[in-house]
Amino acid sequence: MASIGTSIAASGPPKAVVRSKGYWSGVGARLRRDPVALVFGTFLFAIIGAAIFAPYLGLQDPYAGSMVSRLKPVGTPGHLLGTDELGRDMLARLIYGGRLTLLLGLLPVLFAFMIGTVLGVLAGFVGGLVNAVIMRTVDVFFAFPSVLLAIAISAALGAGIINSIVSLTLVFIPPITRVAESVTASVRNLEYVDAARISGASAFTVVRVHVLGNVVSPIFVYATSLTSVSMILAAGLSFLGLGVKPPEAEWGLMLNTLRSAIYINPLIAALPGVMIFITSLCLNLLSDSLRTAMNIKD
Amino acid sequence: MLIYFLQRLVSVIPVALGVSLICFMLVHIAPGDPLTAVMPVDATAEQQAEMRAAYGFDKPLPVQFVLWLGNALTGDLGTSIASGRPVADEVMRAVGNSLILAFFASAIGFPLGILFGFLAGTYKNGVVDKVITGIAIAGVSVPNYWLGMVLVVIFSVSLGWLPSMGAGPGGSTEWAWDWEHLRFIILPAITLAAVPMGIVTRTVRALVADIRSNDFVTALYAKGLMSRHVVAHVIRNAAPTALSVVGIQLGYLLGGSILIETVFNWPGTGFLLSNAIFQRDLPLLQGTILVLALFFVVTNLLVDLAQPLIDPRIRRT
């Protein structure tokens, strides 16, 4: 104790407060030094940006077909990436297609992240019966492989954008809840939570300030690792005819309608899948980098 | 140890019940009546009521569930609305074909994944690791239904080496272990193996790297043990976790092959499911999903039961 006292005394008059860099700027700095994160982050940024600003890119109408110019090869003048089975411009359809595929892939994870975090924190913090009810329900959903569950719910609800989002959200709530519950349970009995409780903080304040602040980042990183699966599943539902309906531009659906063209123009038929592949690769690599930058272990 | 086995066995019962409840509810979250899709548009109200009574849809939901569960336990999964045949027969025929496909996909994906993961974990941050990590991340990122199409383009359309779809000359019912049939399974099996291969590689790599960073490994080297003897210790420590990952992936192979079976017209459960979806044949959908989910539950149970046999740490608790 004495040494602490002397060191404080020795530090002299208080200097101007230097704000610490903070956790997130540290994470950002580490991400900027990670070449993988930089390259694939830029790629993903470009894909998402192109999808958002598709109407302003001077593309052709993705829905205007022409019976005379069907399945033109890549590099055809006027159609840089060729045309599809109804003569629609592939470049335009691929860029427009990203809008629905990304939306259908990312929204369910976002919703599941919000719902799963609430359920998991509730189960982990309250414990007891609440925990049992929530976690045993989650266990039941874990008894389904995710692909099967997504297809089962979508098939029962019927095709459509909303139904597809609902079914994928339901698929991702259980895994996120499970992660949220386990990190919350590990935080709940730490000293600073006890200290907050003893000093009179209400349960709500303890959860909001002390628990959420410490569990949100690991849950978030886990959720980002689900985005690529979600996007592949969303496109897969459309591929099966359970998601988006024609003539909408969506990568999974395009892959399905172009399937019969693999004998005529295989390159064109493969393009929507290339987009799904690249995007999902970017999402996975970024999620890995984020996990490393945030120093989170499973 | 006996207590562990019994606990695991008993814990499966509520999960299996919950799974049945979800499968049962699938039919009832569907918009409209399960029968509206197949009923002729000009059916009178009386005819509709008669049909509903025939399928038992006029009773209250809990009663329907108990009746349905009772039937399911005796092996009666109802009647397919589209074909009029018993659902159980259709599912059982298809499950065999899916199992064959899952078997070949496991034979390709798991040994490769374990080998790759082991190499990458052992030579972490080296060239081998970089290459393998790249393959693995491509494996987990690839939309496998697209990979299937690409393989068909390369090996069936361009090279003409392998057939692009179907299950061979015997059709969907007669499978034989000869080249005439095996050549039909190569492309779907490789396609199906891609994702589990990637996942197993990534898990085993992290696992092996983690184990090798332990003090006991340093001690083994310090003691003068040669690398190949140290490897034996690492394998012994990695085996339990690797087994549980492989077990879960095995369950996924069976239930997750629906998209691939659609691409290759493989006459398994996935193909059955996509037919059920197109014809809105809800009893068939329900029955197939129930059987697949229960398969998954049983695989997970078997993995859990096998766990203490290779991991002495569980045996002691």
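This is a predicted model: local features need pLDDT of at least 70, side-chain atom pairs count only at pLDDT 80 or more; totals for chains, interfaces and linings use all residues.
Figure 1. The cut-offs explain the label: partly exposed covers the range between under 20% (buried) and over 50% (exposed). A:L57 sits in a loop of chain A, between α3 (35-52) and α4 (90-126). Together with A:I52, A:F53 and A:Y56, A:L57 forms a nonpolar patch on the surface. The accessible area of these four residues comes to about 480 Å² together.

**Figure 2. A:N265, a buried loop residue.** A:N265 lies in the loop that links α10 (251-257) to α11 (266-293) in chain A. Is A:N265 buried or exposed? A:N265 is buried, because its relative accessible area is 11% and buried means under 20%. Which residues touch A:N265, leaving aside neighbours within four places in sequence? They are A:L71, A:K72 and A:P73.

**Figure 3. A:T184 inside helix α7.** A:T184 belongs to helix α7 of chain A, residues 161-188. A:T184 counts as buried because its relative accessibility is 0%.

**Figure 4. Where chain A meets chain B.** The two chains touch through 39 residues of chain A and 43 residues of chain B. The size of an interface is often given as the accessible area lost when the parts come together. Here chain A and chain B bury about 3,600 Å² between them. Carbon and sulfur atoms account for 79% of that area. Between the chains, 8 residue pairs are in polar contact. Which elements of chain A give two or more residues to the side that touches chain B? They are α5 (128-142), α6 (146-157), α9 (203-239) and α11. The largest share, 12 residues, comes from α11(A).

**Figure 5. The salt bridge across the interface.** How many salt bridges does the rule find between chain A and chain B? It finds 1. A:D288 forms a salt bridge with B:R202. Their closest N and O atoms are 3.0 Å apart.

**Figure 6. Chain B, a chain of helices.** Chain B has 13 helices and 0 strands. Its C-alpha trace spans about 85 × 55 × 35 Å along the principal axes. Of the 317 residues in chain B, 47% are buried. The accessible surface of chain B is about 15,100 Å², with 67% of it on carbon and sulfur atoms. Now take the contacts in chain B between residues at least 6 apart in sequence. Among these, 73% join residues at least 24 apart.

**Figure 7. Helix α11 of chain B under cover.** Helix α11 of chain B runs over residues 269-278 and is mostly covered. Of its 10 residues, 7 are buried. These are B:T269, B:G270, B:L272, B:L273, B:S274, B:A276 and B:I277. What covers the buried residues of α11(B)? The cover includes α4 (87-122), α9 (227-255), α10 (258-264) and α12 (282-310) of chain B. It also includes α6 of chain A. Just after α11(B), B:R280 takes a positive phi of about 45°.

Definitions and conventions:
Residues are numbered from 1 along each chain as its sequence is written. Chains are lettered from A and ligands numbered from 1 in the order in which they are written. Side-chain values use heavy atoms; hydrogens and water are left out. Helices (H or I, at least four residues) and strands (E, at least two) are DSSP runs, numbered from the N terminus. Buried means under 20% relative accessible area, exposed over 50%, partly exposed in between (1.4 Å probe, protein chains only). Contact means heavy atoms within 4.5 Å. Patches are made of residues with over 30% relative accessible area and no salt bridge: like charges are joined within 9 Å, nonpolar side chains (Val, Leu, Ile, Met, Phe, Trp, Tyr) within 5 Å. Accessible areas come from the Shrake-Rupley method with a 1.4 Å probe; for residues, only the protein chains shown count as cover. A salt bridge is a side-chain nitrogen of Lys or Arg within 4 Å of a carboxyl oxygen of Asp or Glu. Buried area is the accessible area (1.4 Å probe) that two parts lose on being put together, summed over both. A polar contact is a pair of N or O atoms within 3.5 Å; within protein, one must be able to donate a hydrogen and the other to accept it, and residues adjacent in sequence count only if both atoms are side-chain atoms.
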